[in-house]
Amino acid sequence: ADDHDQRVLLRAVWKQVALLQAGRIAHRDLRTENLLVGHYGEPWVVGLWQAEVAADDALLRSDVAQILTAIALEVGVEAAVDSGVEVLGADALAASLGRLQPLALARRTRARLGEHRGLLDELRAEVERRAGTEQTELEPIARLGARQLFGMVMLVAVVTNLPLPMSPLQLLWLNLVVHIFPAVALVLVPGETDVMSRPPRDPKEPLLTWGATGRIALRSAVV
């Protein structure tokens, strides 16, 4: 009964991942600590504070690699791959093989992998076996993004006593402009029950249309 319950739970977790993938939402921290099990055994994905909408394929592949690794750390390689293949398919798991590397995983997951050396190699071998693919090369990953680069510039300016690129007041203003409207929307706009069942956005469609840009400019001017 325990094995059956575990298989059911793992399938349900992967179905949540499939919904995120279909909506092109990258969680970016899909660890078991960010999965809650409800009263009736249904899993809920939480910890979406650093999620990214309209995510590119690389981030989506990283999510698959992350949850695959997280599940394998809990129940073993075979059970993790079996449940992933059953829901997403072997090809979807094979597409994430290039991201099955420490740099593509969350910091806490990398720390746990230190106690399970060789697990990533076992995962890659099992996915390749199930998908019938040959050994896949790891994707080059750059960990230094725009946010980290800006933080480094600010730190260097403070340490070397150079003028700051932005004053504290400018940073506060930027935070207000960027975060106030999503916060107001979360509080005042009623939730939509069908949001996770909608088809994904056309990747060729621009993220910011002229109408949306105009509304953003108008509201920013009001603020």
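A salt bridge is a side-chain nitrogen of Lys or Arg within 4 Å of a carboxyl oxygen of Asp or Glu. By that rule, the structure above holds 11 salt bridges. Keep in mind that this is a predicted model, where local features need pLDDT of at least 70 and side-chain atom pairs count only at pLDDT 80 or more, while totals for chains, interfaces and linings use all residues. Residues are numbered from 1 along each chain as its sequence is written, and side-chain values use heavy atoms, with hydrogens and water left out.

| Pair | Closest N and O atoms |
|---|---|
| Arginine 31 and aspartate 29 | 2.8 Å |
| Arginine 31 and glutamate 33 | 3.3 Å |
| Glutamate 74 and arginine 112 | 2.6 Å |

The last pair links distant parts of the chain, since glutamate 74 sits in helix H2 and arginine 112 in helix H5, 38 residues apart. Helices here are DSSP runs (H or I, at least four residues), numbered from the N terminus. Asp29, Arg31 and Glu33, meanwhile, are linked in a network of salt bridges.

Arginine 31 is buried because its relative accessible area is 8%, and aspartate 29 counts as buried at 8% relative accessibility. Glutamate 33 is partly exposed, with a value of 46%. Glutamate 74 is also partly exposed, at 45%, and arginine 112 counts as partly exposed at 26%.

## A cavity inside

Rolling a probe the size of a water molecule over the atoms shows where empty space is left. On a 1 Å grid over the protein atoms alone, a cavity is a set of points where a 1.4 Å probe fits but cannot get out, and its lining residues have an atom within 4 Å of a point. Grid points are joined across faces, edges and corners, and the volume is the space filled by probe spheres set on the points.

How many cavities of 30 Å³ or more does the structure hold? There is 1, and the largest cavity has a volume of about 60 Å³. Its lining is made by Arg31, Thr32, Glu33, Ala70, Leu73, Arg108, Thr109 and Arg112. H2 and helix H5 (107-113) are the elements that give two or more residues to this lining, and H5 gives the most, with 3 residues. The lining residues divide into 2 nonpolar, 2 polar and 4 charged. In this count Ala, Val, Leu, Ile, Met, Phe, Trp, Tyr, Cys and Pro are nonpolar, Asp, Glu, Lys and Arg are charged, and the others, Gly among them, are polar.

Glutamine 66 lies in helix H2 and is buried, with a relative accessible area of 3%. Not counting residues up to four places away in sequence, glutamine 66 touches Leu30, Arg31, Leu105, Ala106 and Thr109, where a contact means heavy atoms within 4.5 Å.

Helix H3 (residues 77-87) has Val77, Ala80, Val81, Ser83, Gly84 and Val85 as its buried residues. These pack against helices H1 (2-22), H2 (57-75), H4 (90-95) and H6 (119-131). After H3 comes glycine 89, with a positive phi near 100°.

Notes
Buried means under 20% relative accessible area, exposed over 50%, partly exposed in between (1.4 Å probe, protein chains only). On a 1 Å grid over the protein atoms alone, a cavity is a set of points where a 1.4 Å probe fits but cannot get out, and a pocket is an open set with protein on both sides within 12 Å along at least five of seven lines; lining residues have an atom within 4 Å of a point.
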